[in-house]
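Student: Hi, could you walk me through this one? I'd like to start with the fold and then look at some overall numbers.

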Amino acid sequence: MRLSTRNQLTGVITEVTLGSVMATVKIKLDGGEQTVTSSITKEAAVELGLEVGQAATAFVKSTEVTIGVE
């Protein structure tokens, strides 16, 4: 598979929480203690067969990054 998305973060799935419509997936990134969390449809999570301990890649493509501080 070839993708235009340049921001590819690899790691291992540490949590999959299925809701009625959406799912939350947490991936512990390789090389550190950082975790990325993604909200996807429940249907997509089931179709992909996402499971804790499975290797996965988070693809990040965005036109905006927002930062907030107190």
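Student: How many helices and strands does the protein chain have?
Tutor: In this predicted model, the protein chain has one helix and four strands.

Student: And in what order do the elements run from the N terminus on?
Tutor: They go β-β-β-α-β.

Student: OK, which order do the strands take in the sheet?
Tutor: The sheet is open, with its four strands ordered β3-β2-β1-β4 and paired antiparallel. β3 (35–41) and β4 (55–60) are at the edges with a single partner strand each, so one side of each has no neighbour in the sheet. From one strand to the next, the twist averages 45°.

Student: How many bridges join β1 to β4?
Tutor: Six bridges link β4 to β1, which covers residues 7–18, and the two run antiparallel. Among the residues involved, V12 has A55 in β4 as its bridge partner.

Student: Switching topic: how much of the chain counts as buried?
Tutor: Of its 70 residues, 14% count as buried. The accessible surface of the chain is about 5,700 Å², and carbon and sulfur atoms account for 51% of that.

Student: What box do the C-alpha atoms fill?
Tutor: Roughly 35 × 30 × 25 Å, taken along the principal axes.

Student: What about contacts between residues at least 24 apart?
Tutor: Those make up 42% of the contacts between residues at least 6 apart in sequence.

Student: Last one: how many positive and negative side chains are there?
Tutor: There are 6 positive and 8 negative side chains, and the centres of the two sets are 8 Å apart.

Methods. Residues are numbered from 1 along each chain as its sequence is written. This is a predicted model: local features need pLDDT of at least 70, side-chain atom pairs count only at pLDDT 80 or more; totals for chains, interfaces and linings use all residues. Side-chain values use heavy atoms; hydrogens and water are left out. Buried means under 20% relative accessible area, exposed over 50%, partly exposed in between (1.4 Å probe, protein chains only). Contact means heavy atoms within 4.5 Å. Accessible areas come from the Shrake-Rupley method with a 1.4 Å probe; for residues, only the protein chains shown count as cover. Lys and Arg count as positive and Asp and Glu as negative; His and the chain ends are not counted. The place of a charge is taken as NZ of Lys, CZ of Arg, CG of Asp or CD of Glu. Two strands pair if DSSP finds at least two bridges between them. Axes are lines fitted to C-alpha atoms, for helices over the stretch in contact, and angles run from 0 to 180 degrees between N-to-C directions.
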